[in-house]
Each structure stands twice: as C-alpha cells, then as structure tokens.
Amino acid sequence: MSGKPKQILVIAAMLGLALATVSARRLGAEAGQASPAGGGSKTAAQQFKNIQILKDVPADQIIPTMQFISASLGVECDFCHVQNAFDKDDKETKKTARKMITMMMAINKDNFDGHREVTCYTCHHGSNDPASTPIISDEEPKPEPPGMAGAPGGAAASAPAGPTAEQVLDKYVQSVGGTDALHKISTRAEKGNITFMGHAMPAEVYAKAPDKRVAIMHMPQGESYTAYDGQVGWLANMGRPAREISGAELDAMKLDADFYFAADAKQVFQQLRAGRPDKIGDKEAYVLIGITPGQPPVRLYFDQESGLLLRQLRFAETPLGRNPTRIDYADYREADGVKIPFRWTIARPGGRFTIQIEQVQSNVPIEDSKFAEPPKPAAPADKPPSP
C-alpha cells in the first residue's frame, strides 16, 4: 500500500490523540491474532503466531513495542515483515531484529541490574544503521544550565525556583474560567477539520462529563472512531470491527476524556511536582510533572503569563522503551464562559496532525450510546451438512 490511500489510513489511526499507528494495528491483525479485541490476560505467544523473543510479554504490549522499534529505526513494518504475512521469517532484517533485542536485554541485565538503560534508540537514533562515528555539530554546543551538571537523567539538582505545583494549577483553573464555570458545562460538541500531510478532512469531537469522549473523522472510505465510554476504550476504522484498547493506550484515553481536567488535575495524579521552567515557542512555561505509580510521568507545560495549558508530554511504556506523544494546545477561545483550545497538534515519532475546531456547542443532549462500542459481528452459523 502506498500513496494517498496509505496516508488516509495513517490519518485514521492517529485521529484519537495518536493512540496507535495503522501499520502497527495491521501487524496485530495480520500476524494471526486469536481475537480482535485486544490481548486481555494473554501472553504474546498465546495471542500471536511465531513469537520467539517476547513470548511472555503481555499481548497488548506487542503492538506498542513494534511502534517503538519503528520509531527508533525510522522504518515501517515492511522493513522486517512480509506484507500480509507478518508471522513469516522470510526477511533477514526480522532475524537481525531478534538478535538485536536479545543483545539489548543482555546488556541491560549484565550491566544495569536488569534496568532498561539501553534501548534500540540508544544506537539507532531514527536510522536503521546505528551511528558508530561521533557527529560534528553545525552549531556551538549550548552551555549547560546552572544546577544541571551531574544531575541524573537531566533532572535539576535542586527544586526550581518559582510557584508551587498547586499555585500553577490554581492559576490554570482561573485562566479557563474558574471551577464554577467549568461545572456549568456538562457536554460539548465540536466540529472542525483534521489536517495531516496536507490533507484536510472533517472531524467531530463529542465529550460528556465526567469522562466520556469520542472523536470521529469522516473520510471517503468511511468513518474512523476513537472513543472512551467511561470504562471501555475502543477504535474502529472505515467499517472494520471495533477493537478494544488496553494498557498505556487506555490510560491516555482516560486522561483525555476527563471533562473537568483543569479542576481534577490534583486528583488525577498521585503526585505533582514542579519541574524546571521551559519555553514553548515564544512563551515561557512552568512545567509540572504528574506521577502515577506504575506509569511513566506526564509533563504539563503552562504559559507563565496566561496560566493556560500549552503542552502535554506523555509516554507509553513498552518492553523495549517508551513511546512519546506530545500534544500542543493553542487558539484558546471562550465558549459559554469557559476557555478551551480550538486547535491542538498531536505529534509522535511517526508523524503529526492538527485538529482545528470551527464550531462548539455546550450542554447539548448527547446520549451515552454515542460513546458505546458497537456490537461485534455475530459469528457465522454452521452450514447444514450437504445432502
């Protein structure tokens, strides 16, 4: 698959806040999944055909893992896999990938007490050929910020000066209209366009308090849905059966579906701490780091002047490394007493897209069925024996 049809499929896969790329989802469907509805409690070996290295990994981690490899090497699925026959071992690159995964795990086990310090990206940096020679930069090296020297993982040696996390969040709530104004709105219907690689298509986003959300993209081939109904997350593309979401993708859906996130942020994360201030474009930003046990930290960037949320940076954990997703919020406007972003850009290593809202309606009736996963197709009935 190439050209415009492939681009359309990629757009469809990224619509729901870039939860998954279509090439990775096709991997699951074509590698021999036992069922279309996610991995559940199954291991990769139970769910997929011909798994040799990641046998004991939860099945719902295989697709995100493939995404991480794809982003780390800057390649598509067919670099290692045979199209429409992902379980085959015909390509040498697939055999090499297994060796590389084994080597990476051994390095971490033998040198870092099993902690994942070395990943595919450590050597590849977005290229299928790992760099072996230092690069001469075209620019002068930037001086290290004060207090950063020797700090593990680039973290500040001491707490940054500035407002506390609570003060930043309080200003955020006030900047969007205040708690009372937020809770006067219980539903929101948005219509606009999604733009990806020069292609613009109609899009709709419906949300209902406290935690229901569905994004719909209209394409010539059909509609693409990404939804969370308060308990279950699901994806459906162009007439294909819906697929339930689990793991890190589901955690991201829950975060995006929180209708009163500005007011709820203090409860969403078990811990919120101030990070070192940063700059988003030409705006100085305060940075908060949201911590939830068992999940990678989420970084939130707030405009120091207006208090509005400018960026969210989050990660999906995989057995081989973390997949980043960045959401930039812009074009804030007032809608029925509450300021909301009319534009947001979602970026991952595989690409980015922008949703621009043109029309907003608040407190319109939205039935819960709008967010519900469609029923799965009935299994074909057994044919009667031939006479």
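1. A word on terms before anything else: a residue is called buried when its relative accessible area is under 20%, exposed when over 50%, and partly exposed in between, with a 1.4 Å probe and protein chains only.

2. Some ground rules. This is a predicted model, in which local features need pLDDT of at least 70 and side-chain atom pairs count only at pLDDT 80 or more, while totals for chains, interfaces and linings use all residues. Residues are numbered from 1 along each chain as its sequence is written, and side-chain values use heavy atoms, leaving out hydrogens and water.

3. The overall picture. The protein chain has 10 helices and 14 strands; these are DSSP runs numbered from the N terminus, with helices being H or I of at least four residues and strands being E of at least two. Of its 387 residues, 43% are buried. If you take the contacts (heavy atoms within 4.5 Å) with a separation of 6 or more, 49% of them are between residues 24 or more positions apart. The accessible surface, by the Shrake-Rupley method with a 1.4 Å probe and, for residues, only the protein chains shown as cover, comes to about 20400 Å². Carbon and sulfur atoms account for 52% of that surface.

4. A nonpolar core here is a set of buried Ala, Val, Leu, Ile, Met, Phe, Trp, Tyr and Cys residues joined through side-chain atoms within 4.5 Å. The largest one has 44 residues, and Tyr172, Phe261, Phe302 and Trp344 touch the most other members. Helix H7 (residues 165-176) is the top contributor to this core, giving six residues. Leaving aside residues up to four places away in sequence, Tyr172 touches Phe261, Ala262, Phe302, Gly307, Leu308 and Leu309. Another core lies apart from it, with 15 residues including Phe48, Leu54, Met104 and Val118. As general background, nonpolar side chains tend to be buried together in soluble globular proteins.

5. Helix H10 (residues 261-268) deserves a look. Phe261, Ala262 and Ala265 are its buried residues to check. They sit on the same side of H10 because they cover an arc of only 80° around the axis, the arc being that of the directions from the helix axis to the C-beta atoms. An α-helix has 3.6 residues a turn, so residues three or four places apart point the same way. And what covers the buried residues of H10? The cover includes H7, helix H8 (179-183), helix H9 (247-257), strand S7 (271-274), strand S10 (298-303) and strand S11 (309-317).

6. Aromatic pairs: there are three in the structure. Phe259 and Tyr260 have ring centres 5.1 Å apart and planes at 90°, so this pair is edge-to-face. For the cut-offs, rings of Phe, Tyr and Trp (its six-membered ring) pair if their centres lie within 6.5 Å; planes under 30 degrees apart are stacked, over 60 edge-to-face, and the rest tilted.

7. Cysteines. Zero disulfides turn up, a disulfide being a pair of cysteine sulfur atoms within 2.5 Å. Cys77 is buried at 12% relative accessible area, whereas Cys123 is partly exposed at 41%.

8. His124 belongs to helix H6 (residues 120-124) and is buried, at 12% relative accessibility. Not counting residues up to four places away in sequence, His124 touches Ser72, Leu73, Asp129 and Pro130.

9. Backbone details to check by eye. The peptide bond from Ala209 to Pro210 is cis, with omega near 0°, and Pro210 is in the loop between strand S2 (199-208) and strand S3 (212-219). Asp113 is not a glycine, yet has a positive phi of about 55°; Asp113 is in the loop between helix H5 (92-111) and H6 and is exposed, at 71%. Asp336 also has a positive phi, near 55°. Asp336 is in the loop between strand S12 (322-335) and strand S13 (338-348), and is exposed at 54% relative accessible area.

10. Last, Ala59. Buried or exposed? Ala59 is buried, with a relative accessible area of 4%, and is found in the loop between helix H3 (44-47) and helix H4 (62-73). Ala59 and Ala45 are 14 residues apart in sequence, with a C-alpha to C-alpha distance of 7.6 Å.
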